Amino acid sequence: MRNNLDRHLAAVRNLGILAHVDAGKTTVTERILYATGTTHKRGEVHDGTTVTDFDPQERDRGITIFAAAVSCDWNGHRINLIDTPGHVDFADEVERSLRVLDGAVAVFDAVAGVEPQSESVWRQADRHGVPRIAFVNKLDRAGADLDTTVASIRDRLHPVPLVVQLPIGAEDGFTGVVDLLRMRSLTWGDGGDTAVEGEVPEVLREEALRRRALLEEAVAERHPAALEEFCDRETLSAATLTAALRDLTRSGDGVVVLCGSAYRNRGVEPLLDAVVDYLPSPLDVPAVRGVRDGGDGGRGAVDGMRHPVDGVQPADGTQSTADGMRHPADGMRDPSDERRPADPGAPFAALAFKVSATPTGRLTYLRVYSGTIEKGDPVWESGTRRVERIGRILRVQADRHAQLDRAVAGDIVAVIGLKSARAGSTLCAPGAPLVLEPPGVPDPVVSVAVEACRSTDTDRLASALARLAEEDPSLVVRTDPETGQTVLSGMGELHLEVAVEKIRRALGLDVNVGRPRVTYRETVARGVSGVVYRHVKQDGGAGQFAHVVIEVQPLQEGFDFRSAVVGGRVPQEFVRAVEAGCRDALAEGPLGGHPVTGLRVTLTDGATHVKDSSDTAFRTAGRFALREALRACAMVLLEPVTEVTVTVPEDAVGGVLGDLAARRGRVTGSVVRGGSAAVTATVPLAELFGYATRLRSRTQGRGTFTARPTGYAPAPAPAVAATP
């Protein structure tokens, strides 16, 4: 029984397709589905007929927006595949997918080589320790060159590329490849359905032998068993070479490189063979590590996202921090740590990495790490710390689903019936609670204000925004307490555009989208003294009387009220009323009606009436006295500023510094490390709208930035003195 389970797990591959936008990864996915017999017609991106780009916005825009899961079979192996987005705005979809994958295929354009987002997703895979193989696509295009692309992979990404194929023909004449391990040719006709195996073409034999020798030398340098055989025989057998390539791929010491043209269906079958031969199964990756929940172990994952659980460490000896990255773990292993092997007989443990609402119900996508789950089983959810019941288990084919009776360790499935699980939630057996490390979520960089066109749709819009944030943790919805605007924040302008369009299409809501209002402040640059205000009101019955004298002085920040009245001329209870009136007056300053901050008000004198003085009268006097005093002061308009840290390649620093200066930024520091520069600057918040898009444009998508509010600073307009 145990041997059967191990054989089942050894035949599973969980992998993602990673690439820059338009490198052809969705076409690669479509050809994989076609080659494995999962589909019987080739889907085309330009026709909007692909399986994985099923969302109407994806088909309209011609790009992948949402990570889509599919499954297929190849040579007795089950391949669970996730087609990930290639646009930088949707990097969080890639991050959550990589968290649950065991391997990946990185697709590169044979003309463009390593592109900006190719570099970004490669670094993401590095952080998660995901083994990769590379597929150089579009060899049929004009200007395509395998060697140039491999050189860019080596120079830009710094792996050891191990090229196992040699193209037959170039550009329009590309017809197949030479398999350097078996020294056989594989060619495809115009239909491209079936590869024809044959001898290596005579004109390529010498070059193929040369490249085979280079491959053997590169492998022998890095693999002890291969080195031993190479020293004995001065060559490597195909079996030894395959085993060594598998070990080097899984350890990350090498990256196998294949080539082809997915659009023409050339090179897909060898790619599938490489996935089976080189990428790991669930048995080949370390047992998942989590924290046993003993009452407070899950406190770090209450919302199932954004805040990694305290103490949770992945199996590679690193720990997650608030930035979602992995860093070396400090100290010894926490005694509350527990490892769960990929064993269907172990206690159940799974991680939810995606949630989506569909017409058939709320789908929660899971990677099952250990144990077995069946329809109707109870599971403990780490976010709400509640037990819920699995309604149905589905094998996912993008937007189509097939019902399953059970899911076992190593599976990627979707379930229906969970009401509270979020992306990043751990699901486990109620009797063996465990909290797994959730995917890191980057902080949003772009915000827009959204509002319903009709006031009657306000509640529907709020509900739709909450559902969006639930499905996509990188979207943040908040209400600005000062402006009252509903602000939607995300990873880029396209990201927000897609989110708003989803609301419009799904609910038929008319939504206005605009630039968020910046909340300014006013402060005192030069104060005044001896401001007198006498409040007298007599309209029958008891009247109102209050007489106050105040002075106003600048303060570094905040508001301070003091009383210097002597001789009891203003009783203490009325002093408190004057302070309350002054605080009322801070709501609107004289320059533009903005809140006032940074001042000290001192009550220096006053007078009362035996009958008509009251708290109300002195509060009113305090409010109007401070308003008059502020009109007499020299006032300065303050604008919110942020500390921005921009990380860019060294060759892009000049353009970034110029752009920051144009945005009234003040550079405060710069550090260069590992070919990248981190520039720190203080920039007005009003100047940051649209900066994410501008930065990506200037750095070819390789630049990133973070922003942290630091307070307020004087706006460029000169101080204004108002006459009383």
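Cysteine 428 counts as buried, at 0% relative accessibility (buried means under 20% relative accessible area, exposed over 50%, partly exposed in between, with a 1.4 Å probe and protein chains only). The model is predicted: local features need pLDDT of at least 70, side-chain atom pairs count only at pLDDT 80 or more, and totals for chains, interfaces and linings use all residues. Residues are numbered from 1 along each chain as its sequence is written, and side-chain values use heavy atoms, with hydrogens and water left out.

**Cysteines**
- The whole structure holds zero disulfides (pairs of cysteine sulfur atoms within 2.5 Å).
- Cysteine 582 is in no disulfide, and its nearest cysteine sulfur, that of cysteine 633, is 12 Å away.
- Cysteine 582 is buried, at a relative accessible area of 0%.

**Helix α15**
- Val653, Val656, Asp659 and Leu660 are the buried residues of helix α15 (residues 653-662); helices (H or I, at least four residues) and strands (E, at least two) are DSSP runs, numbered from the N terminus.
- These buried residues fall within an arc of 130 degrees seen down the axis of α15, so they line one face of the helix; the arc is that of the directions from the helix axis to the C-beta atoms.
- Gly654, Ala661 and Ala662 are exposed on the other side of α15.
- The buried residues of α15 pack against β36 (634-649), β38 (676-684) and α16 (691-698), contact meaning heavy atoms within 4.5 Å.
- Arginine 664, which follows α15, has a positive phi near 65 degrees.

**Four-stranded sheet**
- Four strands form an open sheet in the order β7-β8-β9-β10, with antiparallel pairing (two strands pair if DSSP finds at least two bridges between them).
- β7 (165-168) and β10 (196-198) are the edge strands, each pairing on one side only.
- β9 (residues 184-187) pairs with β10 in the antiparallel sense over three bridges.
- Threonine 187 has valine 196 in β10 as its bridge partner.
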